[in-house]
Structures are given as structure tokens and as C-alpha cells.
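Good morning, colleagues. Please look at the model on the screen while I go through its fold and its local features.

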Amino acid sequence: MRVNAISSANVGFASVSTVKNSTVPQSLKPVHNNEEILNRTNEGSKAIMNYFFGAQNVPSFKGYPCSTSAFVVKQIDNVPCACCGKEMMNAKEQNEFVAKAAKAKGQDLADVFASNFHKFRRNEKAIAREIMNVAPTKPNSSLSDILTNTKKTGADLYKQECSIVLDEVDTIAKGIYGEKNKVSTYIAAQKETLNQHFGFKRNAFLKGVQNITKEDSRENQTKLLDKAIELPLNEDGVTKILNKYKHSDSTSVARRLISTAVMTTEHIHPKSNKGANNTENYMGECAECNNNRGSADLNTYWQNVYPNMPENVQRYNDYITDKIIKGEMGTRYEDYPVDLEKAVSSESRNAIKLTILTPEEIDKARKEKGISDPKPLPEPAEGDMIIVKKPSGSKKPGKPSRK
Ligand SMILES: [Zn+2]
């Protein structure tokens, strides 16, 4: 439910909030009289009210403080990662996958992997593909049996996966530019490098594709990058997972292989750099992206590893905005797109610009679609909190760990 004052207030909202960035601690001091008069439940909109009804000395405040576990985005299904764009799993989906994969054998096992294949992250996908290929030929073999008995090395699986993804990028390039084109020529040379093991480099390849297509439309470039980022991150990472989990039970293998697809709460401004525990500093990111970024500068990270992140964070925003409109995010996220835009813009030093809806536009969209005002969500119970452990084998080269 929105009061009319918001419409005019919000015009000032953007300019007001530019005085701060996500490093400013979020000390929200509600003005209780206004709160009663306006009978509002949304913290972010309360912040606008506070500003316009007498709390001007408070620098700016939006979002609301909450633990990373209580970030409501984590309860939503199939959210695309704000960084790599791939669909993520929430904890419930992860448990369902693990239970099925641990029980299945042969063709059933291949089917479980096939139906979740689009969710596996880059290094894990190299191994998941092998399971999917081999399982139908071994009707009595479990996930653990297949991994333990494979003669293939991490290097073999890495090469196999790279080769498949390169072919897929090539097909897209031919679709855009025709049979003979610069991108395909480049890919052919890169495949040669890969096969002769001269040291094919994923991130250098992504840069190469961007350079070759820099005169072209960003739309075409993104079509290629959306596929190219599917390349495994590194050979070492694939090898580490394979070696560590070769003799593990099926449950552990399944849980590890899907662990990097699980949604985590990313601090847009890193926690290690005093990033706030506040929804205005949060976005949903898969464990792979979150763990690999660490406290790295956002621009350095996305430009090297996920050069299509500007499109991906927009896709994430659009997906969540749709859920806000439908009332699936409760009543406290009306300002989330505004917050997200500011935090991402600030953290990327204006390199990433999002197109977002303001709370009024969300309200308007809701009315146009005949959707009733959202109801507050129950606060998550302590027991519902999702803890995602850092998966082993997803980090940079180090000592191979053994079970
Ligand atoms: Zn991701």
C-alpha cells in the first residue's frame, strides 16, 4: 500500500541517495510518529519518509540490515546468478538433487544429471558431462563407482569440456557471421592450442573474442560470451575435484559437484572492506562466483572472468523485480532494485548501469496486472538458515587435498 507523498518524494530519492555509497554504515533511525501516521511496513520507503519528514540529518538509508541467510532472494527458485547469469539452486533443490543422484544407477543416474546439467558450474560441468556420458553404459554403477573407476584424468575432462564449449561458440559465431568469419578462425587456432596442450587460457580466450568483435554490436558479442563463459575455469580445478572425490561415497560426490551452483548472498561491497550486512549491499550469486571473487575489485573480476556480467546483473534484477511485483518477496523489497542499481554502479565505478523500476513503477506494474498488494513474509527461523560451506577444489592452485 503506497501513499501519494511517495511519488513526489521519490523524485528526490535518487539525488538524495547519491551522497552515500555502500561503505556508509546503515544506521536507520525511524521517526516513530511518521511511521505511525503513514502506517508503512517498508524500511526503504520509511527511509524516504524520514528524509522528507524531518530526519534530514540522517545521511541516507535504504534497504534493511539482515543476516546473509535471511536475504529473501535465497528463498526464490531458479534465480539467475547476478555475476555469471547461470540459474542457481536453493538449499531445498540442492538436497533434492543430492538425494536422487546418490540413489541412482546407470541410465537413471544419467537422467538425474541431464535434467540438472544446465546448473552445474564450469569445472564441475566437465565431470558431470563425463558421468552423463558413461552412466548409460554401466547399468549397475553408482556415481561413486563411475568416478572411482574412470581412467580419465582431470586434464582429459578439462580438454574434453573446453573442446565442446569451443565448438558451441563456433556454431553461434557461424549463425551470426556466416560460415567463414574471424571468430571461427580464431576458435580453430585456439582448439589447436588446446589439443597440443600449449596452454589454452580461458580468460585470454574471452578477451580474444571481445577484441575480435569490438566493432560489432554488444548484443552479438554477448551472444558469444554467454556461451564462452561456460568454459571450465582451469584444469587444476577439475583435477583437484576429481582426485579428491574419486573414492568418496555417492552422496559426497553429488553434494560437491552441485555445491558451486548453490545460491549465496554476495556483499556487493566486500565484507572484508567494511561492506554492510544490509539488503542494499546484497545480491544473489552462485557459490562459484562468490568464492572466486573474494574481496577482489568488482571490475577486475567481472571483466576477466565474466565479461557478460553487465547483462547478467540486469537479468538478475529483472527476475527479482518480477518476483517483487508478484508479491513473492514480501513487503520489504520495494526499494531493492533502486538499492541494487546504486550499489552496483558505485562498486563498478559506474561501469555497470542498470535499468530498474522505482517503488512507484513496481506499484504501478502491480496494479496494471491486477496483482494485490504483497503481504509480509514470515521471518526465517534460525533452523531455516542456510549455511553454504566453501567447496574444496574450487580455489586457485594449491596443495592437492586428500580425504
Ligand atoms: Zn555465478
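I shall begin with the model as a whole and then turn to its core, its helices and a few single residues.

This is a predicted model: local features need a pLDDT of at least 70, side-chain atom pairs count only at pLDDT 80 or more, and totals for chains, interfaces and linings use all residues. Residues are numbered from 1 along each chain as its sequence is written.

Confidence comes first. The protein chain averages a pLDDT of 83, and 78% of the residues score at least 70; pLDDT is the predictor's confidence in each residue, from 0 to 100. Over residues 1–61 the pLDDT stays under 50, and the model has 87 contacts beyond four places in sequence for that stretch. Residues 383–390 also stay under 50, with nine such contacts. Two residues are in contact if their C-beta atoms, placed from the backbone, lie within 7 Å. Where pLDDT is low, the predicted coordinates should not be read in detail.

Next, the overall composition. The secondary structure of the protein chain comes to 18 helices and two strands. Here helices (H or I, at least four residues) and strands (E, at least two) are DSSP runs, numbered from the N terminus. Of the 403 residues of the chain, 43% count as buried. A residue is buried if 20 or more other C-beta atoms lie within 10 Å of its own, exposed if 12 or fewer, and partly exposed in between, with C-beta atoms placed from the backbone. Among contacts between residues at least 6 apart in sequence, 74% join residues at least 24 apart.

Which residues touch the most other members of the largest nonpolar core? They are Ile-127, Ile-131, Ala-228 and Cys-286, in a core of 82 residues. Helix H8 (residues 154–177) gives the largest share of this core, seven residues. A nonpolar core is a set of buried Ala, Val, Leu, Ile, Met, Phe, Trp, Tyr and Cys residues joined through C-beta atoms within 7 Å. Ala-228, leaving aside its neighbours within four places in sequence, is in contact with Val-169, Phe-205, Leu-206 and Val-209.

Now the packing of H8. H8 and helix H9 (residues 182–195) pack at an angle of about 170°, with their axes 9 Å apart. H8 is therefore roughly antiparallel to H9. Axes are lines fitted to C-alpha atoms, for helices over the stretch in contact, and angles run from 0 to 180 degrees between N-to-C directions. Angles under 35 degrees count as roughly parallel, over 145 as roughly antiparallel, 65 to 115 as roughly perpendicular and the rest as oblique. The residues making the contact include Leu-166, Val-169 and Ala-173 of H8, and Val-183, Ile-187 and Leu-194 of H9.

In helix H5 (residues 106–116), the buried residues are Leu-109, Ala-110, Val-112, Phe-113 and Asn-116. Why do they lie on the same side of H5? They do so because they cover an arc of only 160° around the axis, the arc being that of the directions from the helix axis to the C-beta atoms. These buried residues pack against helix H4 (91–103), helix H6 (122–134) and helix H7 (143–149).

Helix H13 (residues 250–259) has eight of its 10 residues buried, so it is largely enclosed by the rest of the structure. Among the buried residues of H13 are Arg-255 and Arg-256. Their cover includes H4, H6, H7, helix H12 (235–245) and helix H14 (287–293).

Some single residues remain. Glu-130 is found in helix H6 and is buried, with 20 other C-beta atoms within 10 Å. Beyond its neighbours within four places in sequence, Glu-130 is in contact with Thr-150, Lys-152 and Leu-157.

Ser-346 belongs to helix H17 (residues 336–347) and is partly exposed, with 19 other C-beta atoms within 10 Å. Ser-346 and His-269 are 77 residues apart in sequence, yet 8.8 Å apart in space, C-alpha to C-alpha.

Finally, the backbone. Most residues other than glycine have a negative phi, and most peptide bonds are trans. Lys-274, although not a glycine, has a positive phi of about 70°, and its place is in the loop between strand S1 (263–267) and strand S2 (282–286). Arg-349, also not a glycine, has a positive phi of about 50° and lies in the loop between H17 and helix H18 (359–368). Lys-274 counts as exposed, with 12 C-beta neighbours inside 10 Å, and Arg-349 counts as exposed with 10.
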